[in-house]
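Reader: I am new to reading protein models. Can we go through this one feature by feature?
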Amino acid sequence: MASETTQPGFWARVQRASVERLHIRLESLVVLLALSTAMAVLSPYFLSLSNFLNILLATSTIGVLAIAATFVIGSGGLDLSLGSVMGLAGVAGAYVAVNLGWPSVFAVIACILAGAIAGYINGQLVTRAFVPAFIVTLGMLGLARGLALVISQGRAIYGLPPEIVYIGQGRPLGIPMPVIIFVLTAIVAHAVLAYTRFGRHTLALGDSEGAARAAGIRVEHHRRIIYTLSGALAGLAGLLFTARVNAGDPTAGINYELTAITAAIIGGTNLFGGRASILGTMIGALIMGVLQNGLTLLAVQSYYQQMAIGAVLILAVFIDQYQVRKESRV
Amino acid sequence: MTLLSLHGIRKSFGAVDVLHGVDLSVAAGEVVGLVGDNGAGKSTLMKTITGIYRADTGSIEFDGKDILALDPGQRRQLGIEMIYQDLSLAKQQDVASNIFLGREPTKRLFGLLPGFVDKSEMDRQAAKMIERLGAHLPSINRSVGSFSGGQQQTVAIARALTFNPKLVIMDEPTAALAVREVQSVLDLIRRLKSEGIAVILISHRLNDVLSVTDRIVVLRHGRADADLVTARTNMNEVVSRIVGGGDIAAAAAHEQRG
């Protein structure tokens, strides 16, 4: 057949190399560059170091959530509770630091532990109670948000100790602390997903649960770890956000799961699992960050920004599925 | 020497009893055919051997060890491999990832951090294994889902053979293959036998089973109904055992036509 002997075109080869070597979908990088160029042309304030750091700072919380979303979706799961768990974790940390007056280190632990516990419960329910992940995490979205409001009695908790505030507002070497924590988390997460057995098993699990089980991977155990990890990362995002705004806000993170999942999908994560990369997700998160930053610089109301994110999510899944269908026809 | 022995294996799914006390034994280097009508419990029985299903009652000994309590990963380590009818491949992953899934070799990153998968070692060994099987794949870095059925089968076989198994279970390995590919699978089974590896072959193609096995076990209504020595049996007897007496001549005629 002719199609078997013809060499794939240059673009197709670069695309394949990019996916195989760097775990990045080339299209997302092109979109990021095009979007940045457009913003630079439209706004004189866009191209500056301080605005670049602003974008990274604004992306840090969403970026950490997007890492969590990448692991969960890559494993064939779904976590809709990311934003709510992030809000709960921030309130838990602020409660420990302010209301209980415990040392800051306990507040940090409380944030991450609260997230991990919520994620652990998600994992237990998904793997033992056989409730679909969509329903479990949608339920947790309500549960965690409600609990955050109960703990804080519906009001933001102010008066965090300076050590916590430093995590959100400190700038060693001029770089915001949340950006440093976010980038370090992304590097570790990328190494884990792309180069360790845990990461490979995660993707195999999302690809074919039957194959993973036949290969001797403890499927349910692995899923529980992933949901717990997802919750812990949401807890970290809650810590970053709370420290940055200097308050434990029970309404923090509303709709953040939408942006986080969008970032993961734009970055090339297969919505149904089996393919995912943190590097790709970081590009997706930056696209969301640039989009929001640019629209803000252009003085577009935040209501329209919300609409833009929703539209981008649907568009990203459409393009992904279009490509999958096209490939499977060949 | 008995390699695998099952005694009184029972398995039910809710109200449905699939296996009613199966006895089966396989010697080292022996090729045993497992035949039976649809729903006789062949695949279920094999999955209780690999550990995907846990038998309700009964005992399973492998290489003189009780393996009933072991999970699929531990049983693979002891040398039980299975090539599944649906192949059970992770289709978005490449060849080496599938062959080494669950058993990836690791190295230290920068000589320090342990636990990193040694992908170049995996690729090298995968290429060697594919070559040993005399197969040809477009590229071992492509996702397995982009391969043809026969090529995917090659990957599944390579996965089963890479870690020096003692027993290989094949569930309908020839069902989806072209004639030439069927011959190479049968040759492979003979080669495994000559290397002292035991094989359990599940197949509806009785000609294949008769040509390559030492023994044929007929599973019927969840029991091992007959245990025939291949050299002393024939198509008619096997077919009549599968359908359970009755209209033997018609069934045998049908089988020979089909």
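Reader: Let me start where the chains meet. How many residues of chain A are in contact with chain B, and how many of chain B with chain A?

Author: One general point. The size of an interface is often given as the accessible area lost when the parts come together. Here we count residues instead. This is a predicted model. In it, 19 residues of chain A are in contact with 22 residues of chain B.

Reader: Which elements of chain A give two or more residues to that side?

Author: They are α10 (197–207) and α11 (209–214) of chain A. The largest share comes from α10(A), with five residues.

Reader: How do the residues on that side of chain A divide by class?

Author: Seven are nonpolar, five are polar and seven are charged.

Reader: Now each chain by itself. How many helices and strands does chain A have?

Author: Chain A has 15 helices and zero strands. Its C-alpha atoms fill a box of roughly 75 × 55 × 35 Å along the principal axes.

Reader: What does the radius of gyration say about chain A?

Author: Compare it with a compact globule. For 330 residues, such a globule would have a radius of gyration near 20 Å. Chain A has 20 Å, so the two agree.

Reader: And what is chain B built from?

Author: Chain B has nine helices and 12 strands.

Reader: Which domains does the assignment give for chain B?

Author: It gives domain 1 (2–79 + 166–257) and domain 2 (91–163). Note that domain 1 is written as two segments. The C-alpha centres of these two domains of chain B lie 28 Å apart.

Reader: How many residues link the domains by contact?

Author: Seven residues of domain 1 of chain B are in contact with six of domain 2 of chain B. The domain 1 side has five nonpolar, one polar and one charged residues.

Reader: Last, a helix pair. How do I describe two packed helices?

Author: Give the angle between their axes and the distance between the axes. Take α6 (residues 104–128) and α12 (residues 219–245) of chain A. Their axes come within 6 Å and cross at roughly 150°.

Key:
Residues numbered from 1 in each chain as written. Chains lettered and ligands numbered in written order. Predicted model: local features only at pLDDT ≥ 70, side-chain atom pairs only at ≥ 80, totals over all residues. Domains from an automatic or database assignment. Contact = placed C-beta atoms within 7 Å. Nonpolar A, V, L, I, M, F, W, Y, C, P; charged D, E, K, R; others polar. Axes fitted to C-alpha atoms, helices over the stretch in contact; angles between N-to-C directions. Helix = DSSP H or I, 4+ residues; strand = E, 2+ residues; numbered from the N terminus. Rg over C-alpha atoms; globule rule 2.2 N^0.38 Å.
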